[in-house]
Structures are given as structure tokens and as C-alpha cells.
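Here is a friendly walk through one model, from its overall build down to single residues. Please keep the sequence and the 3D view open as you read.

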Amino acid sequence: FAPWDDPDQTPLIRFENVTKRFGDFTAIDNLSLDIYAREFFALLGPSGCGKTTMMRMLAGFETPTEGKIYIGGQDMGPIAPNQRPVNMMFQSYALFPHLSVYENIAFGLRRDGQPKDKIEARVEDMLRMVRLQKFAKRKPHQISGGQRQRVALARSLAKEPKLLLLDEPLGALDAKLREDTQFELMDIQEKTGTTFVIVTHDQEEAMTVASRIAVMDEGRIMQVATPDRIYEFPENAYVADFIGDVNLIEGTATPSGEDEVTITWAENQQPIRAKTQRKLATGQKVFYAIRPEKVGISKEEPTDVVNKAKGRILDIAYLGNLSTYHVQMPTGEIIKAQSANTRRIARRPFTWEEEVWVSWNGTGGSVLED
Ligand code: ATP
């Protein structure tokens, strides 16, 4: 049982019908969400969707206009920021420039008046964890951006918070370092058992690090699920489109039998046949979402696949391990198909303007309501 599937588990964090308004602008709109202990939870969404506001309310820097936030079952309403079992690591992880790496990590422990030997032991532990023992004496300007990020993380974890909030923690790092640091973060989260809530607008980052993701848009949650469910079973067109690459085909549904539906979409094209658990009305407008990697491409008409359409290659993106083809239907719709470049190709297998078939099976995609 994952904790979120277990009805007997109490969440560590609960947002209960939380609304946050700034003047007449609604930043968070009647939002409810449970996050469990030991999760690595990602708030994902475009700029301005309310991610940082969620974090600031958790930390106590903002107060909900309506609704309640609980941490460990306790209503946070009357609890001051410094009394909450929360630590927040900001995007610009503000280290003290005049203090050494060691002293930066020790800072909070000293301020709490902990005994000297205990502080020493804890800082050594933290330095080991982020692999910066050799850098203990350096000042922040004498280490790299990635190393500074690790110092900030060590400092945030030194006091063993139950909950660490990370607002775009890797935003300042370049792509390669960012990737490495994602794995380090996951490693550290697992070792310490701290609950991490991370804010990011980078869907790949969320997919990599998170146990679950909340996809947000305009102050609302569009879906909360594990990365694989979000990718394979998006609940709506917004999520399908926001996460990864997708064909979103607009059409009209005709339910046929228990869990089957046909979708009329383009003139002179065979309707799409799909499986769905949704109860749809005849004539209802729907979106059919299918990932490019689930769509095959061939010169000959495929005989063993239920969905197929003939078009012309408009664009080819060669990505090394695979190629993505944009195939345009005579009526203008474009379907993206992908094929793996498993063999070395002296010549591209398909060329621009070539007539090809795209095809996919009946369980490859999702039927989404408008
Ligand atoms: P980003 O990825 O750009 O940081 P975000 O998802 O974190 O975006 P928030 O910072 O939570 O977004 O802001 C959500 C919305 O609330 C934005 O439209 C923002 O302009 C607005 N907002 C945030 N703080 C305030 C404030 N103090 N006063 C007025 N509006 C605010």
C-alpha cells in the first residue's frame, strides 16, 4: 500500500479547501491536498499558477484567506513560522558570504544553543552526506554553484526538520549539473527520511525526483498522482499537454458497448477506436490523447492495428536515438509519430513530403473530456 492509497494513513500535510486572495486576485482557489510523511512531493505548473504561494502558506509567511492547513494533524492557523516543523530552502539559497561552509551549516544549531560536541558531530554528518568534507573551510564564493546548492541543503537539513520545502532549488544550475543534483536530492531524501515538497516548473525534474506530482494551473490542482500515472493516464487535456509530448485530437464520441468508444475526428478518416472507463454521451466533444511514441509510422498500410490514418510527412526531428515525424492529414490535422533509430541509418527511413501511414492500437491513448 502506498500511503496515499491507504485510507488509515493520516497525512503529514493537509490543505483543506484553501483559498488565497491578494486583493481581488485569487491565487489559490479552494484547493485540497494531502501529502504524506517521507514523500518527495512536487508542485508542478507554469509561472504564476500559485506554487510559491502554497509553500509560503505552509511555512507560515502567508495566511490562507479561507480554509485550513494542518501539519501533523495540528491546525497551523495560530502557529508562527518559527514554531512550525518546517524548513524552507529558497531559490536563491542565501548562504552567509562571510561564513565558511562549516559555519553556514552550523549556524542554526548554534543559534539554538546546542552543545558544541553535538554541533560538531552533526555538521560532520551533513558534510559527509553532501560530500563536501574537503570544502568545510571555504567561503561560499570559493565553491561552485552546485556545491553552494549542496551547502544550502545541508544547512536546511542540519536541524532535522520533519518537512523541507524547496522552491526551485536547482533553478540556478546548468542542465547537466541539474540532472546530477536531482539524483543526489533523491538520495538524500531517502537517507534522511525527511518529507520533501519541491516547487518546480520543469516537468522532467518533477518526473525524475517525485513520488507524486500535483499539476497546478491558475491556483487549482489539475491532477495529483505518481509520475507514471500522470504520464500514462492524464485526467484532462491540460495535464496530457503539460507533461511530455502528446497528440491531442479533438473529436466527437460515439460510445459503443461497455468500455468502447469511437471518435470521429477528420473528414475521410476512419474513426478512432478506443477503450475508456468514462461515461460519455453520444455526440459529446472529447479529446483523444496519444503519445508520439505510441504511434507507429510505415510506408505500407498496416493490417494488424485498429487505428490508422494516411498523411504526408511535414517535418522530421532527428533526435539521435529516435526520430519524431509530423505527419499531416489531407484535412490539415497533424499527428506526431516516433520511431526508434535502432540501426545506423545512412539515409533517413522516411523523407519529407513522403506519403506514410501512422497507426496505433486501441489501448494506446486516453479519452479525455473537454
Ligand atoms: P513562479 O513559477 O513564476 O514562481 P508560482 O507558481 O510560484 O510562479 P506564485 O508566486 O505563487 O506563482 O504566484 C501566484 C499568483 O499570485 C501570481 O499571479 C502572482 O502575481 C500573485 N501573487 C503572489 N504574491 C502576491 C502578492 N503578495 N500580492 C499580489 N499578488 C501576488
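What share of the 370 residues in the protein do buried residues make up? The figure is 36%, where a residue is buried if 20 or more other C-beta atoms lie within 10 Å of its own, exposed if 12 or fewer, and partly exposed in between, with C-beta atoms placed from the backbone.

## The model as a whole

This is a predicted model, in which local features need pLDDT of at least 70 and side-chain atom pairs count only at pLDDT 80 or more, while totals for chains, interfaces and linings use all residues. Residues are numbered from 1 along each chain as its sequence is written.

The protein has eight helices and 20 strands; helices (H or I, at least four residues) and strands (E, at least two) are DSSP runs, numbered from the N terminus. Its C-alpha trace spans about 75 × 50 × 40 Å along the principal axes. Of the contacts between residues at least 6 apart in sequence, 65% join residues at least 24 apart. Two residues are in contact if their C-beta atoms, placed from the backbone, lie within 7 Å.

## The ligand and helix α1

Let us start at the ligand. Around the ligand are Phe 22, Phe 25, Ala 27, Gly 45, Ser 47, Gly 48, Cys 49, Gly 50, Lys 51, Thr 52, Thr 53 and His 201; a residue is near a molecule or strand if its C-beta atom, placed from the backbone, lies within 6 Å of it. Two or more residues of this shell come from each of β2 (25-35) and α1 (51-59), and α1 gives the most, with three residues. By type, the shell divides into four nonpolar, seven polar and one charged. Here Ala, Val, Leu, Ile, Met, Phe, Trp, Tyr, Cys and Pro count as nonpolar, Asp, Glu, Lys and Arg as charged, and the others, Gly among them, as polar.

Helix α1 is itself mostly covered, with seven of its nine residues buried. Those buried residues are Lys 51, Thr 52, Thr 53, Met 54, Met 55, Met 57 and Leu 58. After α1 comes Gly 60, with a positive phi near 95 degrees.

## Two helix pairs

Helix α2 (residues 101-111) and helix α3 (residues 116-129) have axes that come within 10 Å and cross at roughly 135 degrees. That makes α2 oblique to α3, since angles under 35 degrees count as roughly parallel, over 145 as roughly antiparallel, 65 to 115 as roughly perpendicular and the rest as oblique. Axes are lines fitted to C-alpha atoms, for helices over the stretch in contact, and angles run from 0 to 180 degrees between N-to-C directions. The contact joins Tyr 102, Ile 105, Ala 106, Leu 109 and Arg 110 of α2 to Ile 119, Arg 122, Val 123, Met 126 and Leu 127 of α3. These contact residues divide into eight nonpolar, no polar and two charged.

Helix α4 (residues 145-158) and helix α5 (residues 175-192) pack at about 20 degrees, their axes 11 Å apart. That angle makes α4 roughly parallel to α5. On the α4 side, Gly 146, Gln 149, Leu 153 and Leu 157 meet Leu 177, Thr 181, Ile 188 and Thr 192 in α5. The residues of this contact divide into four nonpolar, four polar and no charged. An α-helix has 3.6 residues a turn, so residues three or four places apart point the same way.

## Two buried residues

Pro 169 lies in the loop between β7 (163-167) and α5. With 27 C-beta neighbours inside 10 Å, Pro 169 counts as buried. Leaving out residues up to four places away in sequence, Pro 169 touches Met 89, Gln 149 and Ile 198.

Gly 311 is in strand β16 (residues 307-318) and counts as buried, with 25 C-beta neighbours inside 10 Å. With residues up to four places away in sequence left out, Gly 311 touches Val 327, Gln 328, Met 329, Ile 335, Val 356 and Val 358.

Which phi does Asn 17 have, although it is not a glycine? Asn 17 has a positive phi of about 45 degrees. Asn 17 is found in strand β1 (residues 13-22) and is exposed, with 11 other C-beta atoms within 10 Å.

Glu 353, which is not a glycine, has a positive phi of about 75 degrees. Look for Glu 353 in the loop between β18 (334-340) and β19 (355-360). Glu 353 is exposed, with 9 other C-beta atoms within 10 Å.
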